[in-house]
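Here are my notes on the model you sent over, as numbered points. Have the structure open while you read, and take them in any order you like.

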Amino acid sequence: MTDDPSLDPLALLEADTTLEAARPILALAADYLTRTRAGEGPVSTWHSAEVIADRLNEPLPRRSRPLADVARRLASLLLEDVNRLAHPMYIGHQVSAPLPAAVWTDALISAFNQSMAVREMSPSFTPLEHQVVEWMTDLVGWDARAGGTMTSGGTEATLTALLAARSRAMPDVWSQGVGADAPVLVCGEHAHYAVMRAAGEMGLGMQRVVLVPSDDHRLGIPALRDTLSDLRARGTRVMAVVATAGCTATGSFDDLEAVADVCDEFGEAGEPLWLHVDAAHGGAALLSPAHAHKVRGIARARSVAWDPHKTLLLPLAAGLLLVREEHDLEAAFSQRAPYLFNPNEDAHAWDIGPRSFQCSRRADVVKLWVAFERYGTDALAALYDRLCRMATTLYARLDGHADFMPLHAPESNILCFAWNPAGYDGRERDALTDALRERYNRSGRGWITATTLNGRRVLRVTVMNARTDVSHIDALVQGLEAEAAYVLKHHR
């Protein structure tokens, strides 16, 4: 060991273990929450990626720095240019301004660093995940046969669910592969890209995904019936039907009861078609008496994806896959790892690794448990209701507006609306819409997103911050009006 503490790695490690040592980093987080929740400062940055990259362009550090210095460098080099999701004028992507209790829990999860693959690696958090999954499957309406696993998000949850559906449709797939006559996946045209991605990842190919036309941004039921009838007539097997509860573009909910009825109708050997519900965004409706009717029928699904890091406002990452029959998850995977999984041990029933896509996985379930313990389902439901109410408020503000037109009544916390400047149409109007969004976001007034809906570029908001209230909705409309006037004045 050296006498110079800056060169002694163990001394450096030990110096960072105290609360006093952590304070400069924790203070950055607390200061961020304090300032942004009050609406101070810009919502995002006007600097380009190149400006920030140039700022960071320096050699890899060889010598240590005091943690307080590292905190100062974090603040000066990076933190002034983040998206401030806790700012009430951030009404952008489906990423939450997270619950403070869950934020602080993240540090605890990292400190204990339990790996969730097998129970012996996480003696207390593994049973905790089983308990929390049981809570969630109870909310769906399933019995004791149900199960599930935490995931990195809805994309992994949907992939895992469809792996299970693939094993049901092709029991020998792990040894024989999918072959030339693979079954198809059926979903609505507004389904999340995770379905297409899963088809590619599983070796089915994206051409084996059959898109069903939508009816008012929902999976069209007559069209679904016609599609399945046509597939049956051609002798094409259907691996799964994917419905959506809270689609990404508009937040719309498919009629799950009707979809389940069709899956019953076209099932085989007395079994309905596998119904997977992507409730990554809309799963929180299960907690809300005001919104639960939108997911009526979800208990008839075989699998459900749900992202608590969306409308339950947890920090990334905290996704869930829930299945009506827990053994379906075991069929989704096939592996031999005697150094890790021993099916002859009593503890194997608690192991999560054999039923989960990930092996090394942090105990994100702890922050979900803390959220339930701290806030309770009643308060979490009230927060979800508030998010949805703000989208409805914006709809009311824009209904009848001279220039901005809402394109659907919001079913959740998402609203798409069009800018219709007089005298413009087609590509020029789309270009103006993108210019308006870019100018508004760079102004620091707020932050919104855009999408393509029915062939045209439109503006889109997702209320993911419980601090956003009516005054901020009014400020959004006023800010867009002001920036729209500037864009039109300087348009060439």
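1. Arg445 is partly exposed, with a relative accessible area of 40%. Its side chain meets that of Glu483 in a salt bridge, at 2.9 Å from N to O. Glu483, by contrast, counts as buried, at 6% relative accessibility. The pair links distant parts of the chain: Arg445 sits in the loop between helix H14 (426–442) and strand E12 (449–453), while Glu483 belongs to helix H15 (residues 470–489), 38 residues apart. Please keep in mind here, and in every point below, that this is a predicted model.

2. How many salt bridges does a search of the whole structure find? The search gives 28. As a reminder, side chains of opposite charge can pair when their charged atoms come close.

3. Asp106 and Lys367 form a salt bridge in which the closest N and O atoms are 3.3 Å apart. Asp106 lies in helix H5 and Lys367 in helix H13 (residues 365–398), so the pair ties together parts that are 261 residues apart in sequence.

4. Another salt bridge joins Asp69 to Arg72, with 2.0 Å between the closest N and O atoms. These two residues are 3 apart in helix H4, which means that about one helical turn separates them. Asp69 counts as partly exposed, at 25% relative accessibility, whereas Arg72 counts as exposed, at 52%.

5. Helix H2 (residues 19–37) deserves a look along its axis. Where is the kink in H2 centred? The kink, of about 40°, is centred on Ile25. Ala21, Leu33 and Thr36 are buried in H2, and the cover over the buried residues of this helix includes helix H1 (9–15), helix H4 (67–77) and helix H5 (100–112). Just after H2, Gly39 takes a positive phi of about 80°.

6. On the surface, Leu19, Leu26 and Trp104 form a nonpolar patch, with about 290 Å² of accessible area together. Trp104 is found in helix H5. This tryptophan is partly exposed, with a relative accessible area of 38%.

7. The loop between H5 and helix H6 (125–140) holds Ser115, and Val118 lies in the loop between H5 and H6 as well. Ser115 is buried, at 14% relative accessible area, and Val118 counts as buried at 2%. Which residues does Ser115 contact, leaving aside its neighbours within four places in sequence? They are Met121, Ser122, Cys359, Ser360 and Arg361. For a sense of scale, Ser115 and His490 are 375 residues apart in sequence and 56 Å apart in space, C-alpha to C-alpha. Val118 and Arg324 are 206 residues apart in sequence, with 22 Å between their C-alpha atoms.

8. Thr236 lies in the loop between helix H10 (221–233) and strand E6 (238–244). At 18% relative accessibility, Thr236 counts as buried, because the cut-off for that class is under 20%. Leaving aside neighbours within four places in sequence, Thr236 is in contact with Val184, Arg208 and Leu231.

9. Finally, the cysteines. A disulfide is a covalent bond between the sulfur atoms of two cysteines. The structure holds 0 disulfides. Cys263 is buried, with a relative accessible area of 1%. Cys416 is in no disulfide either, and its nearest cysteine sulfur, that of Cys247, is 8.1 Å away. Cys416 is also buried, with a relative accessible area of 0%.

How values were computed:
Residues numbered from 1 in each chain as written. Predicted model: local features only at pLDDT ≥ 70, side-chain atom pairs only at ≥ 80, totals over all residues. Heavy atoms only, no water. Bend = angle between axes of the 7 residues up to and from the residue. Helix = DSSP H or I, 4+ residues; strand = E, 2+ residues; numbered from the N terminus. Buried < 20%, exposed > 50% of the residue type's maximum accessible area, 1.4 Å probe, protein only. Contact = heavy atoms within 4.5 Å. Disulfide = S-S within 2.5 Å. Patch = residues over 30% accessible without salt bridge, like charges linked within 9 Å, V, L, I, M, F, W, Y side chains within 5 Å. Areas by Shrake-Rupley, 256 points an atom, 1.4 Å probe, with all protein chains shown as cover. Salt bridge = Lys/Arg side-chain N within 4 Å of Asp/Glu carboxyl O.
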